[in-house]
Each structure stands twice: as C-alpha cells, then as structure tokens.
Amino acid sequence: MSTSALERLMFTVGITDMVSQPAMSINRTISGMRQNATSGFDAIRGGMFGLAGAGIAVKTFMQPVYDVEEALGEVRSLGVIESELKTLTRESLKFSVAYGESASDFIKSSYDIQSAIGGLSNGELAEFTNASNILAKGTKADAGTITNYMGTMYGIFKDQANSMGKADWVKQLTGQTAEAVKMFKTDGQQMSAAFSSIGANAASSGVAISEQMAVLGTLQSTMSGSEAGTKYKAFLAGVVGAQDKLGLSFTDSNNRLLPMVDILNKIKGRFGVLDELEKADLKTAFGSGEALDLVTQLMGKTDGLADSMNALGKIKGMENAKNMAKAMVDPWEQFKSVTEAVRIGFGQALMPTINDLLQTMIGGLSVLTGWTQEFPHITKWVGLAVLGILALSAATGLFSIVLGLGKTAMAAWGLGVLIIKGLIFGLTFVFNLLTLSVARLGMAMIMNPMGLMIVAVVALIAVVAALAYCCLLYTSDAADDLLCV
C-alpha cells in the first residue's frame, strides 16, 4: 500500500471516530429524554387515574345515600319534622328490601302525599307512603299515580278517615283497592281514573267506599275507568229526580241513597226486561244517556254486584295487597335493592365524617380563593409558574410525539420497501412463468406433424445450402491450381 493511500485511510478513520462519539452521546441524550418523558407521563397518568378512581369509587358507593338525602330534603322543605323523616327513612329501607324497589323513590313519593294530606303525624306519613307504594307494586301502577289516588280518596272520605284513624283507614283502602283490581281484572291506574271522575258525589250521598268500588269495578269490565266514573256520576246526579218520574223511592228514611243493588231491583221490578220505549223513559227520568247506560249494564249483574260489595266490605287490612306486591318481586332487583340498603346504612353512618372533610376542603379552597383576590401579583406569578411547568410538560410530550411519528414513518417506509419487494418478486415469477409457457409452446409446435414437416423442410434447405457451399469452395480451389500451372 502506498503512503498516500495509508494517509487517506487514517484520515477517514479519524473523522469517523470524531463523529461517532458525539453522535452516540446525542443518541443517548435523546433516548434518556424519551425515557424520562415516558416515565413521567406514565407516573402522572397513573396518579391521575388513581386519584380519579378513588373519588369515583367513593362517589359511587355513596350515591344511594345522596339520592336518599336529596329526597329527604324535598320532604323536609314541606315542614316535616326530623323524627318523621327518620321514620320515613326506616320504612323506605324496609320496603326496598322486601319488594326490590328504590328507597329514594319511596321517599320522593311521600312528597305528594304530604302536599295533599295535611296534619299527618306520629308516623302516618310513613304509613301512607308505605301503603301507596305497596299498592302501586301490586297493581302494576306507578307510585305517582297511586299517591295521587290516595290524596283524592282522602279528600273524598276525609271524615271516615279521621274517625277511623288515618293509618287504619289507608290500610283498609289499600286492601280494598287491591282486591277490586284483582276481582275485576283492572289496575290501579284505571281505578284512580274512575274515582277521579266520580269525585265526592257518591260519598256525599252516603255510598260506602266498598259499594263504589264494586260498581266502578263491574262497569270496567266493558269500559275504561274514567268512563265508568263518568257514567256513575251521571247516575248519581239524576237518581233523586228520577224517583218522582218513575214512581219509585231510591232513598231511605234519612234521605240517604239506598244501595245500588236495591235501586236496580226496584227498577227491574217496575219494568222487567227493558224494551226501547222503557229505555227512553228511563233516560228521560235520569236525565242522561250515561245514567241509562249504567242501569242497563248493571241490571243483569245484581247478584255478582252484591257479592262484590260484601267481599270488599269484609276487608279491613292490606295483607292481600302485600301478597300481590310480593308476587311481583324480581329476585335480581331485590338483591340490588338489598345491596343499596346496606350501602345506605354504612353511608349514613359515614356521612357526617365525609361532610366534615368536604367542608374542610371547601373552607381551604375558599381561603385560597380569597388570597387570589387579595394578592393578585403573587397569584399572577404562581399562575405563570404553573403554566411554565405545564408548557415544559407539553413540550416534552410533543417531543415524544415527534419521536413516535418518526418511528411510525420508518415503519411505514419499511412496509413500502416490503411491498415493492413483493411486487418485484411477483413480476419475476410472472416473467418466468411466461418464459416456461413459451418454451412449452415451442416444444408442442415441434412435436406437431405440421411442425415436423417444417423442421424437415428447414433441415433439407440447410443440407442443400451446405452442399452448395462445399461445391463452391471446391470450384474455387481447382481454379487456383490451374492458374498456378
């Protein structure tokens, strides 16, 4: 090797050493930055997720308690004392566990009862709410419809409820309504609509609640609850005036309306089977077609109506309503309600501690808020420092993103090279396949009879050409010999 070549080699090695060491150092620095950024973001993300997870876990665990407290707050706003609220809470948990329903919804339903019925005390609000929700469960109605029904019925039968005691009265009403729903194949919503339509007209005439339910329930076999109430109301409005026109007495010695069965029997005894003229007379006597419809609907059902009135009159409690409600219980919903009841029990015990902690945190943040207003310059510099830290974090994160994009680009380049190699391999394969096909085609043509004839002709031509060429050479040599001689 010459001296100049050796010098060039040494120069190249030196330059390589000078460049490689700084490059490796830079690479190590970049890798360290990336690792630190990645570990930092992982730590931040883990901490944030852990903090958020702990907060969400506590909030989720306490959510049933917050729902109950919110519902109690609504009832408390109506002036209900704390002792009644505690009783209401206990009943809500019992109901929730027994029937698989929400304790907070139970408490919320008491708001309408308290609004509609004044003077409830000594646990009567809890009794009304419990009866309403049991009736709603057993009759496939929503709690709002039944609580409204309870309020309406109390307004109609207020004197009876006060004389019996409100708690006993609502239990009897619940049992009778549940029996009527089962007896007449109706539901709580339809019965509520029926009594809402009739109002206090029947009660003011001295008609017992069991009789009203029997009449309305029997009518609902062919019509809706509201329509049944409308027809019954029309009958009550015209029954007193119909006495003189029909020559019959429909009231007793105290001018109170006779039972519906007795009235119908008197009409039946007076007319027998009604024809069209007699129906017209009854319509004129009662003053409306709705009243006539009630009479014609019930005249052939007096025996069943009497049995229904007796059966409903015997009910004094709500055991039948409880049995109907229990038959509607879904075990999975009941299990869910039991777990919520346990969480409510623990949560109510922990609520004071959690509230104190939250109040402490709120107080500290309130002080900090005051400081931000009192020391605006310090607040500004602290804010700038926080923004600086966030900006550095953002820059580091952007750097990691750029590195990731670079790696992704390299991966994409490698994928492109792989695709090109695949295309080249495919084209080579196709070219080789075409070459083999052409070769096979040539062999096939040669082996063909026509191809053999062509080969033979070509061979003959080649032989003739070779002979001619040899003769030409021989002639040329002979000529040369003569010239020499």
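The model described here is predicted. Lys-140 belongs to the loop between helix 4 and helix 5 (143-156). Its phi is positive, near 60°, although Lys-140 is a residue other than glycine. A positive phi, of about 55°, is also found at Asn-122, which is not a glycine. Asn-122 is located in the loop between helix 3 (103-116) and helix 4 (124-138). With a relative accessibility of 76%, Asn-122 counts as exposed.

The interior is considered next. In soluble globular proteins, nonpolar side chains tend to be buried together. The largest nonpolar core of the model contains 90 residues. Met-213, Tyr-232, Phe-235, Phe-250, Ile-267 and Phe-286 are those with the most contacts inside this core. Helix 11 (residues 225-246) gives the most to the core, contributing eight residues. When residues up to four places away in sequence are not counted, Ile-267 touches Leu-248, Phe-250, Gly-272, Leu-282, Phe-286, Val-295 and Met-299.

Two of these partners, Leu-282 and Phe-286, are among the buried residues of helix 13 (residues 276-286), together with Glu-278 and Ala-285. The buried residues of helix 13 pack against helix 11, helix 12 (260-271) and helix 14 (289-298). At the start of helix 13, the backbone nitrogen of Leu-277 has a side-chain oxygen of Asp-275 within 3.2 Å. Gly-287 follows helix 13 and has a positive phi, near 85°.

The N-terminal end of helix 14 is capped by Ser-288, with a side-chain oxygen 3.2 Å from the backbone nitrogen of Ala-291. The buried residues in helix 14 are Ala-291, Leu-292, Leu-294, Val-295 and Leu-298. These residues are on the same side of helix 14, because their arc around the axis is only 155°. They pack against helix 10 (209-219), helix 11, helix 12, helix 13 and helix 15 (302-313).

Key. Residues numbered from 1 in each chain as written. Predicted model: local features only at pLDDT ≥ 70, side-chain atom pairs only at ≥ 80, totals over all residues. Heavy atoms only, no water. Helix = DSSP H or I, 4+ residues; strand = E, 2+ residues; numbered from the N terminus. Buried < 20%, exposed > 50% of the residue type's maximum accessible area, 1.4 Å probe, protein only. Core = buried A, V, L, I, M, F, W, Y, C linked by side-chain atoms within 4.5 Å. Contact = heavy atoms within 4.5 Å. Polar contact = N/O pair within 3.5 Å; in protein donor to acceptor, adjacent residues only side chain to side chain. Arc of directions from axis to C-beta.
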